[in-house]
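Welcome! Here is a short tour for anyone meeting this structure for the first time. Take a look at it below, then read on.

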Amino acid sequence: MGFKGTKQEKKENYDKKLCDLLEQYTQVLVCAADNVGSTQLQGIRKGLRPDSVVLMGKNTMMKRSIRMHAERTGNQAYLNLMTLLVGNVGLIFTKGDLKEVSEEVAKYKVGAPARVGLVAPIDVVVPPGNTGLDPSQTSFFQVLNIPTKINKGTVEIVAPVELIHKGEKVGSSEAALLSKLGIRPFSYGLVVESVYDNGSVFSPEVLDLTEDDLCARFAAGVSNVAALSLGISYPTLAAAPHMFANAYKNVVAVALATEYSFPQAEKVKEYLADPSKFASAAPVAAEVSSVSAAPAAAKEEEKAPEPAEESDEDMGFGLFD
């Protein structure tokens, strides 16, 4: 049962509860709670226990409690939560893995009918097929420009119709039609909008990043740093290998153009002085490739069919010669 007491006592109890949660938890999911019923919310609370706690309340009360707690403890990181408390939102305090908790929250969605005045979160398409309605309802479909025909004494929709576009308000005719057809096009639940973790605030899409995504982005960043460093001739760790390689090429080019030489350039000069050595190096590579190709060739020879025996006609002799 809920806390019973005066209005002031309820506010003090709520403030104490929120401050205790801020002390115990360092991870918070800020969730939109539009069109979420109390029964549905109770199911979410049960599903997230014991590692997570769901707290709903007025934004003004939550902001006041957070601000006072930050002043009292000196921890200004909690103030980052205040800017996220906009609209009908709730807080999920958790000690578990943020991605797993977010996925668990997404499971608790309930289908809902299209009510008049609601803003459609998705496109609503009426599928073709038999509606089960009697022919007297055809005028209702004509008003909404839905092609129909009478089939076995019932109204049948001929082609799929996009009844409501995403972002549009549901009209009375659309709501009545969907109700007649028994279609519940929308589903509602807590939607994670922001993530708070030890003072940092980020988008929930970050939770979907994998190690491969992080490695790919890191590699792209290193490539950009290396390209910029090479472009402005500024030495960095990312550009060092490329700078050493380019310096070596420049020094070898100077050695080839002058009498100056060093051990690493001797072999290059040797090859340029006697181009036939290029040819002598080629069979080595060819030999390696032929060795690796030999087993495959042997297998093909084994699979190759035996040639057919030559007939007497091929030898110039017929059966009756």
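The helices α8 and α9 cross in a right-handed way. Keep in mind as you explore that this is a predicted model. The points below start with that helix pair, then turn to another pair and a sheet.

**Helices α8 and α9**
- Helix α8 covers residues 240-257 and helix α9 covers residues 263-273; their axes come within 10 Å and cross at roughly 55 degrees.
- Because of that angle, α8 counts as oblique to α9.
- On the α8 side, Y248, V252, A255 and L256 make the contact, and they meet Q264, A265, V268, K269 and L272 of α9.
- Sorted by class, this contact of α8 with α9 has seven nonpolar residues, one polar and one charged.

**Helices α1 and α3**
- The axes of α1 (residues 7-24) and α3 (residues 59-73) come within 10 Å, crossing at roughly 55 degrees.
- α1 is therefore oblique to α3.
- The crossing of α1 past α3 is right-handed.
- From α1, the contact draws on K11, Y14, D15, L18, C19, L22 and E23, while α3 supplies M61, M62, R64, S65, I66, H69, R72 and T73.
- The contact of α1 with α3 divides into seven nonpolar, three polar and five charged residues.

**The sheet**
- Three strands form an open sheet in the order β6-β8-β7, and their pairing is antiparallel.
- At the edges are β6 (129-130) and β7 (148-151), each pairing on one side only.
- Strand β8 (residues 154-157) runs antiparallel to β6, and two bridges join them.
- N130 stands opposite E156 of β8.

Key:
Residues numbered from 1 in each chain as written. Predicted model: local features only at pLDDT ≥ 70, side-chain atom pairs only at ≥ 80, totals over all residues. Heavy atoms only, no water. Pairing = 2+ DSSP bridges. Helix = DSSP H or I, 4+ residues; strand = E, 2+ residues; numbered from the N terminus. Axes fitted to C-alpha atoms, helices over the stretch in contact; angles between N-to-C directions. Parallel < 35°, antiparallel > 145°, perpendicular 65-115°, else oblique. Left-handed = near helix turned anticlockwise from the far one by under 90°. Contact = heavy atoms within 4.5 Å. Nonpolar A, V, L, I, M, F, W, Y, C, P; charged D, E, K, R; others polar.
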